[in-house]
Amino acid sequence: MFNSLHVSIVLLIYAVLAGGIVFFSKKLADYVDALDKKTKISGAFIGAVLLAAVTSLPELFTSISATILIPDGADLVIGNILGSNLFNLAIIGVALIFFFRLFAKNKIEYKTQYIVISACLAIYAIIAYGILAPKNAQPILGPINFLAILIFVAYGLAIFFQPKSKDDEDEDEEKEDPLKELTVKQVVIRFVIFAVLLVVTSIFITYATDAISAKLFNGDDTIAGAIFLAIATSLPELTSTFVLCKKGNFNAALGDISGSCLFNFLIIGLAEFMSFRTPLLRGYEPAYRSAIIMLICTVVVLLVLGAILLINNKAQKEKKGESKLRYAIYACSGAIIAAGYLVFLIISNI
């Protein structure tokens, strides 16, 4: 669609579309936050499931568009999802650097976070097999790799075992409703409208990224997907995370990021079933070098995130007060998590 335009025009179009994604996703985050205040559903569950699904709509529709509409779009999808996950985690790393005191004081629903992180690690193992094992060792039937079914199972189990309702202490807390003048029905209607706008913008940014890939990266869709498409489709998570942190809702912010990573894997499974030309996970190929680097970086980052959650959980159970050492650990861990994406970019270009 944009391939005939000059590269500067394509980059301008990309910037405008990315700005639209930020605006629409902020409105969606506001409406989801309002639903959180108006209902008795667990904040962590809303963040990890509902808000994560909302802010992952760009990844969903750009990946489907790339799979169906763009020739050889499989590498773009893999790069988009793995790059988005790594970038999403970098967002929470930056948030930890700026809001480490808030992280230490907030009541976090750790069970939800542990379940999501464990499910993410399990799915990364499935994807690693799909891109590292020889082609003759893959469970492929026609254009489908049945590893996608395992991805669906892991996602379903993670959702099933998550706590759905708030505990008594959370229900007793008074929370200010930012949109108290709206009813739940009105919030839902506005949510649907902005979700549609976000979807349309996401489809167009897929074409812009494909044009950028052709003009700047000689058609290397994996690296283009991991940089331009992944960043653009992660803007909703970036926006919602910092908005929630400023509101003092670190619990929902963390749920949004980890839940978005989990939902993104579901997108790989969907794209696998919609790829009628060739499986997305089809065994080792040299083109998967960038994907392998992303896998390694993300697993390390997830383990670091899980470790600081364990440290903070233990500190809160023991009712420990302020600790400069613990704050320093959180901030340094945030820096390590944020650096994961930069490490990937550096190694990929060596």
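Author: Let us start with S65, which is found in helix α3 (residues 57–69), where a helix is a DSSP run of H or I with at least four residues, a strand is a run of E with at least two, and both are numbered from the N terminus. This is a predicted model, in which local features need pLDDT of at least 70, side-chain atom pairs count only at pLDDT 80 or more, and totals for chains, interfaces and linings use all residues. Residues are numbered from 1 along each chain as its sequence is written, and side-chain values use heavy atoms, with hydrogens and water left out.

Reader: Is S65 buried or exposed, and how do you know that?

Author: Buried means under 20% relative accessible area, exposed means over 50%, and partly exposed lies in between, with a 1.4 Å probe and protein chains only. S65 has a relative accessible area of 7%, so S65 is buried.

Reader: What makes K324 exposed?

Author: K324, whose place is in helix α13 (residues 324–348), has a relative accessible area of 76%, and therefore K324 is exposed.

Reader: How many helices and strands are in the chain, and what percentage of its residues is buried?

Author: The chain has 13 helices and 2 strands, and buried residues make up 57% of its 350 residues.

Reader: Why is α7 called roughly antiparallel to α11?

Author: Axes are lines fitted to C-alpha atoms, for helices over the stretch in contact, and angles run from 0 to 180 degrees between N-to-C directions. The axes of α7 (residues 147–161) and α11 (residues 250–274) come within 9 Å and cross at roughly 150°. Angles under 35 degrees count as roughly parallel, over 145 as roughly antiparallel, 65 to 115 as roughly perpendicular and the rest as oblique, and so α7 is roughly antiparallel to α11.

Reader: Which residues make the contact between α7 and α11, and of what class are they?

Author: Contact means heavy atoms within 4.5 Å, and here the residues include I149, I151 and F152 of α7 together with L262, F265 and L266 of α11. Ala, Val, Leu, Ile, Met, Phe, Trp, Tyr, Cys and Pro count as nonpolar, Asp, Glu, Lys and Arg as charged, and the others, Gly among them, as polar; by these classes the contact of α7 with α11 has 13 nonpolar, 1 polar and 1 charged residues. Leaving aside neighbours within four places in sequence, I151 is in contact with residues including I123, I127 and F265.

Reader: What makes α6 roughly antiparallel to α12?

Author: Helix α6 (residues 110–132) and helix α12 (residues 289–317) pack at an angle of about 165°, with their axes 10 Å apart, and therefore α6 is roughly antiparallel to α12. The residues of their contact divide into 19 nonpolar, 6 polar and no charged.

Reader: How do you know that α1 is roughly antiparallel to α9?

Author: The axes of α1 (residues 7–38) and α9 (residues 184–216) come within 8 Å and cross at roughly 155°, so α1 is roughly antiparallel to α9. By class, their contact has 28 nonpolar, 3 polar and 4 charged residues.
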